[in-house]
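Subject: The structure you asked about

Hi there,

Here is the structure I promised to pass on. Have a look at it first, and then read my notes below.

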Amino acid sequence: MTFKMKSEKSTRQSDTTHHYTENEIDVFLLYSFVYDEVYVLPIKEAPNSTFALRHDNPTKKLKTMHFAEDFLFEEKIFDLAL
């Protein structure tokens, strides 16, 4: 699953992209219709463009991979409260 970490607005005159900062938000809440799950992504961990979550187990894991189970709302929200 891939999520955009920005807001985009288009008008006839121009296109505008806004990247959120730590001064504006603490976390992104991401919802997957496919899996009917909510994920929490702290702004400090979020890239400026897109963020991909994996549900499968690849044969080779890379440091750059993010697994959905690590960002589940039920699990991650307690880490943020500490």
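You'll find Ser-32 in strand E4. Leaving aside residues up to four places away in sequence, Ser-32 touches Met-1, Glu-37 and Tyr-39. The side chain of Ser-32 also reaches the backbone nitrogen of Tyr-35, at 3.1 Å.

Before I go on, please keep in mind that this is a predicted model.

**The overall picture**

Starting at the N terminus, the order of the elements is β-β-β-β-β-β-α. Along its principal axes, the C-alpha trace spans about 45 × 35 × 25 Å. There are 82 residues in the protein, and 24% of them are buried. The protein exposes about 6500 Å², with carbon and sulfur atoms supplying 50% of that area. If you take the contacts with a separation of 6 or more, 43% of them are between residues 24 or more positions apart.

**The inside**

Which residues have the most contacts inside the largest nonpolar core? They are Met-5, Phe-28, Leu-30, Tyr-39, Leu-41, Phe-51 and Leu-53, in a core of 13 residues. The elements that give two or more residues to this core are E4 and E5. Not counting residues up to four places away in sequence, Leu-41 touches Met-5, Val-27, Phe-28, Leu-30, Ala-46, Phe-51 and Phe-71.

Leu-29, Tyr-31, Phe-33, Val-38, Phe-73, Ile-77 and Phe-78 make a nonpolar surface patch of about 710 Å². Which element gives the most to the nonpolar patch? That is helix H1, with three residues. H1 covers residues 73-81, and both E4 and H1 supply at least two residues of the patch each.

Phe-33 is one of the patch residues, and its place is in the loop between E4 and E5. Phe-33 has a relative accessible area of 73%; the cut-off for exposed is over 50%, so Phe-33 counts as exposed.

**The loop between E4 and E5**

That loop has another residue to look at. Asp-36 lies in the loop between strand E4 (27-32) and strand E5 (37-42). Phi of Asp-36 is near 50 degrees, which is a positive value in a residue other than glycine. Asp-36 is exposed too, because its relative accessible area is 57% and exposed means over 50%.

**A salt bridge**

How many salt bridges does the structure hold? It holds one. Asp-56 and Arg-54 form this salt bridge, and their closest N and O atoms are 3.0 Å apart. Asp-56 counts as partly exposed, at 41% relative accessibility. Arg-54 is partly exposed as well, at 29% relative accessibility.

His-18 is found in strand E3, which covers residues 15-19. At 31% relative accessibility, His-18 counts as partly exposed. What does His-18 touch, not counting residues up to four places away in sequence? The answer is Lys-6, Ser-7 and Glu-24. With Glu-24 there is also a polar contact: the side chains of His-18 and Glu-24 are joined at 2.9 Å.

For a sense of distance, pick His-18 and Ala-68: they are 50 residues apart along the chain, and their C-alpha atoms are separated by 25 Å. Then try Asn-23 and Ile-43, which are 20 residues apart along the chain, with C-alpha atoms separated by 9.8 Å. Asn-23 has its place in the loop between E3 and E4, and at 78% relative accessibility Asn-23 counts as exposed.

That's what I have for now. Enjoy turning the model around on your screen!

Cheers

Note on methods
Residues numbered from 1 in each chain as written. Predicted model: local features only at pLDDT ≥ 70, side-chain atom pairs only at ≥ 80, totals over all residues. Heavy atoms only, no water. Helix = DSSP H or I, 4+ residues; strand = E, 2+ residues; numbered from the N terminus. Buried < 20%, exposed > 50% of the residue type's maximum accessible area, 1.4 Å probe, protein only. Patch = residues over 30% accessible without salt bridge, like charges linked within 9 Å, V, L, I, M, F, W, Y side chains within 5 Å. Areas by Shrake-Rupley, 256 points an atom, 1.4 Å probe, with all protein chains shown as cover. Salt bridge = Lys/Arg side-chain N within 4 Å of Asp/Glu carboxyl O. Core = buried A, V, L, I, M, F, W, Y, C linked by side-chain atoms within 4.5 Å. Contact = heavy atoms within 4.5 Å. Polar contact = N/O pair within 3.5 Å; in protein donor to acceptor, adjacent residues only side chain to side chain.
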